[in-house]
Amino acid sequence: MPQRPYIVGNWKMHGTRAMLSEARAIDRAAQRHMKVEVAIAPPYTLIHPVHREAEQIGVGAQDCHYEEGGAHTGDISAAMIADAGAKFVILGHSERRENHAETDALVKAKGEAALATGLRVILCCGESGDIRSAGDAVEHVTQQIRASLPDGAADLEDLHERITIAYEPIWAIGTGDTATTADIAEMHAAIRALLVELYGAELGGEVRILYGGSVKPDNAGEILGTAEVGGALVGGASLTADSFMGIALAAGETAEG
Ligand code: PEP
């Protein structure tokens, strides 16, 4: 059965309690767009407040540690974010990989901890501008996914609910540049082929592959209408209900065909 488009907002390090009004507005609007699955990943401090108020949208985190607990000052475990109300976690975002030297192996360990805790995982991947210019984007991204996917995913009957891939070309994040629909289609087809190779046609064929990188209401229709694009991971444009739900609306129209 085709999945609903999945539109996920990554609030990054933005948001104090004053932003709860935007989360409420997003939640209310999402109740009118049930053909689209809408979720936001606010900073840790807002997970529980958003969870308490949200009736429709999913709430998630932007990272977690791979251990259950221990002497890890400043870190937070999968069980802790789940306890706060998170249903999913974004892992391997390029800003974590770059700013915190996260390796594929570390991302994989975090994914295993998240799945063991019952969380859904949004696994991010993407190439730098240099890698794309060198013509190595597809190989780089598929290798990154292979090395970052959690072990044990193949045993999950609800794999398509538990794992989502987000393709985010690094050079498109927060820059206003987006990949061409031809490049998005090529990359998403390669990711789909990898998922089918790893998990079989039935399970691997259902995992949603999101696109991320400067998605806005005015380009969302074209991007979301591209083959194998199952939704969007949205940074800047997810910070207001107006722009974020403009993207969700475009997703709903695309889904209706
Ligand atoms: C992101 O960082 O996940 C992202 C896609 O950001 P933006 O939409 O601002 O490019």
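The lining of the largest pocket comprises 8 nonpolar, 6 polar and 6 charged residues; here Ala, Val, Leu, Ile, Met, Phe, Trp, Tyr, Cys and Pro count as nonpolar, Asp, Glu, Lys and Arg as charged, and the others, Gly among them, as polar. The model is predicted, and local features need pLDDT of at least 70, side-chain atom pairs count only at pLDDT 80 or more, and totals for chains, interfaces and linings use all residues. Residues are numbered from 1 along each chain as its sequence is written, and side-chain values use heavy atoms, with hydrogens and water left out.

**Pockets**

- The largest pocket holds about 540 Å³ of space; a pocket is an open set of points on a 1 Å grid over the protein atoms alone, with protein on both sides within 12 Å along at least five of seven lines.
- Among the 20 residues lining the largest pocket, Y44, Q62, D63, R96 and H100 are the closest to its centre; lining residues have an atom within 4 Å of a point.
- Helix 4 (94–99) and helix 5 (104–116) are the elements that give two or more residues to this lining; helices are DSSP runs (H or I, at least four residues), numbered from the N terminus.
- The second largest pocket contains about 290 Å³ of space, a volume being the space filled by probe spheres set on grid points joined across faces, edges and corners.
- Of the 18 residues that line the second largest pocket, Q3, P5, R208, V229 and G230 lie nearest its centre.
- Helix 11 (residues 241–256) gives the most to the lining of the second largest pocket, with 3 residues.

**Cavity**

- The whole structure has 1 cavity of 30 Å³ or more, a cavity being a set of grid points where a 1.4 Å probe fits but cannot get out.
- The largest cavity has a volume of about 40 Å³, and its lining consists of L20, A23, R24, D27, P49, V50, E53 and A54.
- Helix 1 gives the most to the lining of the largest cavity, with 4 residues.

**Ligand**

- There are 14 residues around the ligand, of which K12, H93, E168, G174 and S214 come nearest; a residue is near a molecule if one of its heavy atoms lies within 4 Å of it.
- A polar side-chain atom of E168 lies 2.7 Å from an oxygen atom of the ligand.
- A backbone N or O atom of S214 lies 2.8 Å from a ligand oxygen atom, and a backbone N or O atom of G235 also lies 2.8 Å from a ligand oxygen atom.
- The ligand taken alone exposes 300 Å², of which the protein buries 97%; accessible areas come from the Shrake-Rupley method with a 1.4 Å probe.

Key. A polar contact is a pair of N or O atoms within 3.5 Å; within protein, one must be able to donate a hydrogen and the other to accept it, and residues adjacent in sequence count only if both atoms are side-chain atoms.
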